[in-house]
Structures are given as structure tokens and as C-alpha cells.
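Please look over the structure before reading the points below.

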2 protein chains.
Amino acid sequence: MAPLPLIATMIGDPAGIGPEVAVKAIASGELDRLCIPVLIGDLGVVKRAAEVSGVTRALQRIESVGDPGTQTDVIRVLDPGGFDVSSCAFGEPSAACGQAVLDWTRVATALGASGRIQGVIMGPKNSTSLKLAGSKAVAGTPAPGTYMLRMSGALRVVPLTEHVRLTQALEMVTPENVLKVIRVLSDSLVKWGLPHPRIAVAGMNPHAMFDEDRERIVPAVDAARKLGIDASGPAVPDAVFRHALEGKYDAVVTMYHDQGQIAVKTAAFEGACTVHIGLPYIRVGVPHGTAFDIAGKGVARHRSMLNSMKTAAQLASGSGIFGQV
Amino acid sequence: MAPLPLIATMIGDPAGIGPEVAVKAIASGELDRLCIPVLIGDLGVVKRAAEVSGVTRALQRIESVGDPGTQTDVIRVLDPGGFDVSSCAFGEPSAACGQAVLDWTRVATALGASGRIQGVIMGPKNSTSLKLAGSKAVAGTPAPGTYMLRMSGALRVVPLTEHVRLTQALEMVTPENVLKVIRVLSDSLVKWGLPHPRIAVAGMNPHAMFDEDRERIVPAVDAARKLGIDASGPAVPDAVFRHALEGKYDAVVTMYHDQGQIAVKTAAFEGACTVHIGLPYIRVGVPHGTAFDIAGKGVARHRSMLNSMKTAAQLASGSGIFGQV
């Protein structure tokens with residue numbers, strides 16, 4: 001049997017619900033046979049989260065991911081140090097919280113890039129804390145050559161662009177850009193265990209019936225097919241997501257953010273999550289924020305976090321079974 | 001008790017499934033207590049449709065809608081004449097079929113405009129037949145000041161523009177145009193029995209977070225509110241349809257065709273139909289085509305046609321109960 005994948009979760013902003021839902025998810029036991037989970041963050045924050053959540057599974061500080069052990073009845077914590085939980089109030093954004101998230105993200109990302117862990121979950125960050133910490137990163141701008149794949153039930157959609165003004169996003173619909181995302185998506189799906197993914201490429205215009213749909217999308221689809229990718233399109237935008245839901249496609253490339261997000265959020269299957277593709281490791285986001293209003297009350301629900309962790313484990317296993325959480 | 005509304009159905013292209021689903025819908029008996037249905041089209045075509053469909057309800061030719069009678073066990077047909085069913089083969093587009101559809105549509109439209117009937121259903125037309133008949137009308141271009149409202153389950157969405165290139169559609173997002181559709185939508189919903197409709201206006205950009213969302217949509221929403229309309233927006237495009245489904249809004253104004261159509265077609269509730277608003281009468285479309293491949297075989301399903309007829313009857317009654325088919 002292949003060893004279980006090592007899946008690290010950056011616990012998110014210490015003042016938010018991230019640490020709570022992370023400990024609850026691991027304590028649920030549902031991950032025990034799927035992966036070896038590790039939390040990245042401050043041990044004191046994790047301890048506090050366990051206390052307010054009534055989680056009794058023992059915490060185990062580990063010094064590196066090199067030898068995490070195979071024990072299932074513990075919550076492993078890799079604490080890079082430098083954070084003081086006693087100065088962190090629930091529900092209050094701060095520079096210290098923002099800085100901690102930046103530090104922990106750096107640790108998680110480096111571990112992923114080094115190949116020492118197979119997957120990373122990014123717990124919920126708070127944009128105010130990040131700004132207070134001086135971060136200039138803009139949410140919704142993945143690095144060039146990487147994309148955000150949304151998985152929700154049988155729907156898997158990835159847009160060419162994220163938080164870009166729609167008129168600008170449409171200018172970025174070029175054969176080159178469309179081909180790039182098709183290739184990254186196909187590579188990811190193959191790695192995750194779908195040897196011949198069926199990829200639909202949505203058109204840009206109503207009913208995909210304008211010259212742009214032919215001129216900008218057809219060449220990309222043709223080029224992808226020459227590379228052996230089972231791509232098709234331009235698909236009629238208002239029909240393709242229903243077809244994907246019905247099993248006709250494994251994933252849909254969309255021409256702009258809302259095209260696919262409207263489908264995903266309207267269908268709203270439980271267990272939706274976002275996978276950052278085009279990276280050498282699996283990186284999964286959690287589809288909720290820090291929920292400062294309920295942080296520290298022990299009432300935050302951990303289902304989304306658990307689903308993100310499960311999805312990372314499934315993808316890392318390369319079994320071709322995923323999104324079934 | 002108010003008299004039942006008179007609802008006329010233009011049977012659609014005689015070579016398609018329109019006549020079949022129309023007779024089946026009336027013969028189902030489900031309309032008997034909701035409206036007085038009348039078919040507009042050739043009696044011979046309707047007779048043939050009843051035969052291939054195994055419909056035994058008697059056909060009754062009426063000369064005008066002035067005195068349709070209240071009998072429920074008949075299928076009333078208003079035949080403007082001029083069509084020869086013997087020269088019309090199932091599944092074959094022709095100039096004669098296209099011309100018939102144009103003629104019958106004119107009759108139905110004139111009856112609606114005159115106030116002598118309360119609602120019109122447009123059976124499925126065939127674009128090839130229409131072209132052969134010399135029609136230059138382009139599908140998906142409603143007359144100025146009128147809009148196509150899609151009703152599907154609890155979702156009711158109406159776009160500013162229909163089959164328009166997306167870059168052009170975005171140019172047409174102006175405060176004036178947005179206000180126009182809000183007003184027509186509000187007037188329609190009030191007439192149908194919702195005294196204070198809650199109307200969400202979707203933003204144009206991802207998360208409605210760009211200057212255009214503020215500059216082009218906020219002034220329209222403000223102006224509508226000054227007119228006493230419960231409008232709000234710009235709403236986050238990828239969230240507003242889920243909120244509408246959950247009952248937060250009665251209808252959503254969308255900035256371009258696919259924005260709402262993706263939501264409607266992905267959610268895909270049974271009984272979806274399109275209501276042409278901004279006309280002095282209720283005009284409902286059927287969400288399927290002529291299905292030439294199965295025309296004349298008696299297998300076409302009439303659920304969509306029946307739902308369209310029911311919806312027209314519900315809207316005409318002004319009871320505020322609609323979309324519950």
C-alpha cells in the first residue's frame with residue numbers, strides 16, 4: 001500500500017475560525033485513513049482553538065515533517081514560532097495576525113515546493129490583518145501560469161482570469177491564453193488520476209455564436225487536440241455547466257470569473273473548494289472567511305475545512321476519485 | 001369569481017412538435033380550472049397532431065375569441081385559414097410553414113394587443129422555415145422597451161440585452177438602460193400580483209467591485225428607489241442568484257445574457273419558461289424548439305408547453321402566485 005499523503009494545513013488568521021475548524025476537522029477522525037494531517041501555525045493558538053471547540057484529541061508538536069509518525073489519535077502541529085497567542089483577541093484583525101499568516105503561508109508553500117508534503121490547505125485569511133501587516137498582495141491574482149480551479153459536486157471550472165474588470169478579462173481571451181489554461185488543467189487532472197480528461201472550453205459570447213468565439217477559442221482547442229488533449233469548444237456558455245453536471249465533461253475552462261462562478265455558486269453543492277493549479281504541489285483553499293463574528297465561540301462548522309483536507313488527500317493519492325466528499 | 005383568462009397558443013411550426021405538445025397539454029385537463037385555452041393555427045394541422053398523439057378530446061373550431069364558451073372538454077381552434085396541411089411533411093422546414101407561423105403570430109399578437117385575450121403562448125418556431133418565408137427578424141432581439149424574463153423555480157432573471165456580443169452588451173450597461181429594465185420588471189411583477197417586488201440588480205464585474213459597478217448601476221438603483229421600487233444593487237454577480245433562490249429577492253436584473261442564463265440553465269428547474277415583458281399582454285415562450293427529428297411520432301413531451309400555458313394563466317390572474325407549476 002502506498003504511504004498516506006502528508007497534508008499540511010496553514011491554520012489561517014489566529015483571530016478567526018480557521019484554527020477551530022482545523023482542529024475539529026482532524027478530530028472528526030474522517031481523515032485518519034486518507035492522509036497524515038499536519039497543522040502549520042502557533043501551538044498556543046491551536047491549543048486555544050481545541051479548548052473552545054471541546055476537542056480532546058491530543059496535540060503533538062513536531063519539529064519537521066520529515067518524520068511525522070503514523071499515530072492517528074493526535075493533532076500534529078508544526079509551529080514556526082514567533083507568535084504570542086496571549087496578545088491575540090478573537091475577532092480582532094491585527095498586524096501580528098497578518099504577519100503570522102504570511103509567515104505560516106511561507107512555511108507551508110516552501111514545504112509544498114520542496115516536495116516534502118503532498119498538499120497544503122490554506123486556512124481563512126483576513127484581508128484587514130494582511131493589510132495591517134503591510135502585505136501588498138491582491139486577493140484573486142494567482143501567479144502567472146497558475147489558475148484557480150473550483151470543484152463543487154460534479155462541476156469543475158477554471159477561469160482564464162480572476163478579479164479582473166470584465167472588459168479587460170475579455171481582452172485577455174486569446175488563443176495563447178486559452179491554450180495555457182487547457183494545458184495546466186489537463187496536466188492536473190491527469191496527475192490526479194483521470195488519464196483522459198474531457199475538457200469543455202466555454203465560448204465568450206451568448207450561444208458562442210460570434211466571430212470571437214471562433215477566432216479566439218477554436219485555435220486553442222485545435223492546438224490542445226493536437227497535443228492529445230480531449231478538449232472541445234467553444235461550448236454554449238449557458239448550457240455547458242449543466243452538461244458538465246450531467247457527466248459529459250470532467251471540467252470546464254471559462255473565459256471570465258463570473259461565467260463559471262455563477263454556475264458553481266448557484267448550484268452550491270456542499271464541499272465546494274478551490275484548488276490552485278499549475279503549482280508543483282496540491283494547494284486547496286477553504287470557501288469561507290475568518291468569520292470574526294463567531295470566532296472563539298466554538299460554533300464554527302468544520303465541514304468545509306474537512307472537505308478541503310479530504311480533497312487534497314484524494315488528489316494527492318492520484319486515484320482519480322475526487323470531489324466525492 | 002373572476003372569469004377565467006383567455007389564453008391563446010400559437011401552435012408553432014406545423015412541421016414540428018408544437019401542435020402535438022399543444023393538444024396534449026390541453027387534453028391533460030390540467031388547464032381546465034385555470035384558463036380557457038385557444039389554439040391559433042390550422043385546424044388540419046391540429047387534427048393531425050391530435051391523431052399522432054392519441055388525443056381524443058374533441059376539436060372545436062371557433063370563429064373569434066369573442067365568445068369561446070366555457071366548455072372544458074374541447075380543444076378550441078381559431079384557424080385564420082390559408083394553410084394546406086396535406087403539403088406539409090413532418091420534420092421538413094418550408095416557406096409555407098414559415099409563412100404560416102408569421103401569419104398566426106400576427107393574429108395572436110393583434111389579439112393580445114387588442115386586449116381581447118389575456119395571454120399568448122408562442123409555440124416553437126423554426127428558423128429555417130422563417131428564413132425560407134423571407135423573414136428578416138433576428139431571434140433574440142426583443143423590441144425596444146421590452147425584455148425577456150426567464151422564470152425557473154424561484155429564479156426570475158431578466159437581462160438588459162439578449163444575443164448581443166458581450167463587449168457590446170457591456171457598453172449598453174448605462175444608468176438609463178438599467179433603470180428602464182428595472183421599471184418594466186417592477187410594473188410587470190406588480191401587475192401579476194406582487195405589490196412590492198424586491199428587485200436585485202446584479203453588478204457587471206467580479207464581486208461588483210469596480211468603478212463601473214458604482215457609476216453605472218448605483219444611479220439606476222437610486223432612481224428606482226425614488227420611484228418607490230424596492231431595488232438594490234449592484235449585487236455580487238456570483239452570489240445573487242443563490243440569494244434569489246433562497247427567497248431574498250423576487251427577481252434579478254442582469255447586465256448581460258449569460259449572467260442570468262447560466263444561473264437559470266445550471267439550476268434547471270422543471271417548468272422554466274420565458275415571459276416577454278413590456279407588452280400590454282402576457283406573452284410566454286416555450287423553452288424548446290421544433291424538434292423536427294421526433295415530430296409526428298407522438299412522443300414529444302408536453303410538460304414544458306403545459307407549464308408555459310399555466311404560467312400565462314397564473315400571471316393573467318394577477319394572484320401573485322406564479323412559477324409554481
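Helix axes here are lines fitted to C-alpha atoms over the stretch in contact, and angles run from 0 to 180 degrees between N-to-C directions. The model is predicted. In chain A, the axes of helix H1 (residues 18-27) and helix H2 (residues 43-53) come within 8 Å and cross at roughly 70°. Angles of 65 to 115 degrees count as roughly perpendicular, so H1(A) is roughly perpendicular to H2(A).

**Helices H1 and H2 of chain A**

- H1(A) contributes A:Pro19, A:Glu20, A:Val23 and A:Lys24 to the contact.
- H2(A) answers with A:Val45, A:Val46, A:Ala49, A:Ala50, A:Val52 and A:Ser53.
- The residues of this contact comprise 7 nonpolar, 1 polar and 2 charged.

**Helices H6 and H7 of chain A**

- Helix H6 (residues 175-191) and helix H7 (residues 211-226) of chain A have axes that come within 8 Å.
- Their crossing angle is roughly 40°, and the two helices are therefore oblique to each other.
- The crossing of H6(A) and H7(A) is right-handed.
- On the H6(A) side, the contact involves A:Pro175, A:Val178, A:Leu179 and A:Ile182.
- On the H7(A) side, these meet A:Glu215, A:Arg216, A:Pro219, A:Ala220, A:Ala223 and A:Ala224.
- By class, the contact of H6(A) with H7(A) has 8 nonpolar residues, no polar ones and 2 charged ones.

**Helices H6 and H7 of chain B**

- In chain B, the axes of helix H6 (residues 175-191) and helix H7 (residues 211-226) cross at roughly 40° and come within 8 Å.
- H6(B) and H7(B) are therefore oblique to each other.
- H6(B) crosses H7(B) in a right-handed sense.
- B:Pro175, B:Val178, B:Leu179 and B:Ile182 of H6(B) take part in the contact.
- Their partners in H7(B) are B:Glu215, B:Arg216, B:Pro219, B:Ala220, B:Ala223 and B:Ala224.
- The contact of H6(B) with H7(B) divides into 8 nonpolar, no polar and 2 charged residues.

- Searching the whole structure gives 1 cavity of 30 Å³ or more.
- The largest cavity has a volume of about 40 Å³.
- From chain A, its lining includes A:Met204, A:Asn205, A:Pro206 and A:Tyr256.
- From chain B, the lining includes B:Thr161, B:Glu162, B:Val164, B:Leu166, B:Ala169, B:Tyr256, B:His257 and B:Asp258.
- Helix H5 (166-171) and helix H9 (257-267) of chain B are the elements that give two or more residues to this lining.
- The lining of the largest cavity has 7 nonpolar, 3 polar and 2 charged residues.

**Cis peptide bonds and a positive phi**

- In chain A, the peptide bond from A:Gly233 to A:Pro234 is cis, with omega near 5°.
- A:Pro234 sits in strand E9 (residues 230-235) of chain A.
- In chain B, B:Gly233 and B:Pro234 are joined by a cis peptide bond, with omega about 5°.
- B:Pro234 belongs to strand E9 (residues 230-235) of chain B.
- A:His207, a residue other than glycine, has a positive phi near 60°.
- A:His207 is in the loop between strand E8 (198-202) and H7 of chain A.

**A:Ala272 and its contacts**

- A:Ala272 lies in the loop between helix H9 (257-267) and strand E11 (273-277) of chain A.
- Neighbours within four places in sequence aside, A:Ala272 is in contact with A:Met151, A:Ser152 and A:Pro287.
- A:Ala272 and A:Ala25 are 247 residues apart in sequence and 15 Å apart in space, C-alpha to C-alpha.

Conventions:
Residues are numbered from 1 along each chain as its sequence is written. Chains are lettered from A and ligands numbered from 1 in the order in which they are written. This is a predicted model: local features need pLDDT of at least 70, side-chain atom pairs count only at pLDDT 80 or more; totals for chains, interfaces and linings use all residues. Side-chain values use heavy atoms; hydrogens and water are left out. Helices (H or I, at least four residues) and strands (E, at least two) are DSSP runs, numbered from the N terminus. Angles under 35 degrees count as roughly parallel, over 145 as roughly antiparallel, 65 to 115 as roughly perpendicular and the rest as oblique. A crossing is left-handed if the near helix is turned anticlockwise from the far one by less than a right angle, and right-handed if clockwise. Contact means heavy atoms within 4.5 Å. Ala, Val, Leu, Ile, Met, Phe, Trp, Tyr, Cys and Pro count as nonpolar, Asp, Glu, Lys and Arg as charged, and the others, Gly among them, as polar. On a 1 Å grid over the protein atoms alone, a cavity is a set of points where a 1.4 Å probe fits but cannot get out, and a pocket is an open set with protein on both sides within 12 Å along at least five of seven lines; lining residues have an atom within 4 Å of a point. Grid points are joined across faces, edges and corners, and a volume is the space filled by probe spheres set on the points.
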